[in-house]
Amino acid sequence: MRGPIEPFKIKMVERVRILDQEQRTEAIKNAGYNTFLLRSEDVYIDLLTDSGTSAMSDDQWAGMMLGDEAYAGSRNFYNLEKSIQEVLGYKYVVPTHQGRGAEHIISRVLIKPEKNIVPRNMYFTTSKAHVELLGGEMPDVVIDEAHEPENEYPFKGNTDLDKLERVIIEKGAEKIAYVNVEMNVNMAGGQPVSMENLRKVRELCNSYDLKVVFDATRSSENAYFIKEREEGYSDRDIREILNEMMSYSDACIYSAKKDCLVNIGGFLAANDKEIYEKARNLVVVYEGLHTYGGMAGRDMEALSRGLREGTDARYLDYRTKQVRYLGEMLMEYKIPIVKPIGGHGVFLNALKFFPHIPREQWPSQTLAAAIYEGSAVRTMERGAVSRGRDHKTGENIFPNLELVRVTIPRRVYTNTQMEYVAESIKEVYENRDRITGLKMVYEPRDLRFFMARFEKVA
Ligand code: F0G
């Protein structure tokens, strides 16, 4: 047996089509060579993101029918609150429509003009945007290994405690709004943080009296890696691990569209009562009343059930192994990928894939477009286009990691479809010398990767 065994069976299917070669060439050209601008119906296998793309279970769908659509005090809110208290261990819950809603609220609660530095173990696009829109900065304090695609360190998401302390001393502790730690770091390739590192970040922050806020978006997958790789955790239950992880923070923001197996939703959770009370006041202005925060009652119910389901050890084992199944096939074909294989997808190293394409011609963007054109598989650029320009100088920043993210939705695609994806990428790799780069012809100011347009260089 090659692929991982699915701990579910399929009750409902959705038809998909594959456009022919000519239609794909036309579709990607019309999309300005930006996979975000493709129409979903023109895509056969959609690996753009693992966000909001999960298949819900029969139990979650049953929960959708039990939506209590009251403006205030919905039963589903209390179910959600209880799930979060039990699975993650936080005391207080403020629902939001999705992760960036919670990012907005936490930024407004904790960032002040004179206190606007938010060190983080590698940026995420929307997280950084919220800090910068309030005039702040997000210095990178992830360990060096995270920037090295081939380095096989098992916890490449760890915060570098020396880098963090240097930022605190150089900027002044009074300037730090909070220290931000992301689980299973997305931009590094879905790389986990160790429990030991979380504990040490907490200790360091205690010694400077700083708040610690987690981006717990992919914390269940991170907990799986702790169980798999960290000494002392192999016999512990995923929820026990999650409870310990979260105990090292004052609050977290959470995009429920990933590990909670729902199509929409998010929240802010806290142990710190002051953060909670301020967040609860602001959520009413920006998202909705504090017992729905932009979600329908039925969405809260599906989320409440999905948070629990997503911590089932058998499910997490299958999930992680399916991602590995794809990654290992690509490695067999000698395709350069980020190692170790991460939690939510396989990340292609575009600099090695296309050594002949200069960085100013956007190798990752080119690769994502070429994969679509070849096979109707949609992936996402995660390199210089996503990174954006330096706020002060206006220059493009070219990060070490120039990647294409091949992100796997949860419980959606079969192992055979993973084989199709691997074969498709192999075909592009075999023809790589014939592929030329792109030039950017339209560039929005904020989060440019979503809507930028490109043309092929002659
Ligand atoms: N934090 C992390 C680590 C994320 O990956 C995301 C979203 C967010 C916050 C924002 O959450 O989308 O619910 O508003 N990541 C998606 C992705 C968009 O494709 O990786 P959101």
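Trainee: Which residue's side chain makes a polar contact of 2.8 Å with the side chain of Glu-103?

Mentor: Quick ground rules: this is a predicted model, where local features need pLDDT of at least 70, side-chain atom pairs count only at pLDDT 80 or more, and totals for chains, interfaces and linings use all residues. Residues are numbered from 1 along each chain as its sequence is written, and side-chain values use heavy atoms, with hydrogens and water left out. A polar contact is a pair of N or O atoms within 3.5 Å; within protein, one must be able to donate a hydrogen and the other to accept it, and residues adjacent in sequence count only if both atoms are side-chain atoms. By that rule, the partner of Glu-103 at 2.8 Å is Ser-127.

Trainee: And which side chain does Glu-103 reach at 2.9 Å?

Mentor: Start from helix H4 (residues 99–110), where Glu-103 sits; helices here are DSSP runs (H or I, at least four residues), strands are E runs of at least two, and both are numbered from the N terminus. The side chain of Glu-103 makes a polar contact at 2.9 Å with that of Thr-126.

Trainee: Which side chain of opposite charge is nearest to Glu-103, and how far away?

Mentor: Lys and Arg count as positive, Asp and Glu as negative, and His and the chain ends are not counted. A salt bridge needs a side-chain nitrogen of Lys or Arg within 4 Å of a carboxyl oxygen of Asp or Glu. Glu-103 is buried (under 20% relative accessible area, with exposed over 50% and partly exposed in between, using a 1.4 Å probe and protein chains only). Glu-103 has no salt bridge, and the nearest side chain of opposite charge is Arg-120, at 5.1 Å.

Trainee: How many disulfides are there?

Mentor: A disulfide is a pair of cysteine sulfur atoms within 2.5 Å. The count by this rule is zero.

Trainee: How far is Cys-205 from the nearest cysteine sulfur?

Mentor: Cys-205 is also buried, with a relative accessible area of 0%. Cys-205 is in no disulfide, and the nearest cysteine sulfur, in Cys-252, lies at 16 Å.

Trainee: What is the phi of Tyr-33?

Mentor: Most residues other than glycine have a negative phi. Tyr-33 lies in the loop between helix H1 (21–30) and strand S1 (45–46), and counts as buried at 8% relative accessibility. Tyr-33 is not a glycine, yet its phi is positive, about 55°.

Trainee: What omega does the peptide bond from Lys-339 to Pro-340 have?

Mentor: Most peptide bonds are trans. Pro-340 belongs to the loop between helix H12 (313–332) and strand S7 (345–349). The bond from Lys-339 to Pro-340 is cis, and its omega is near -10°.
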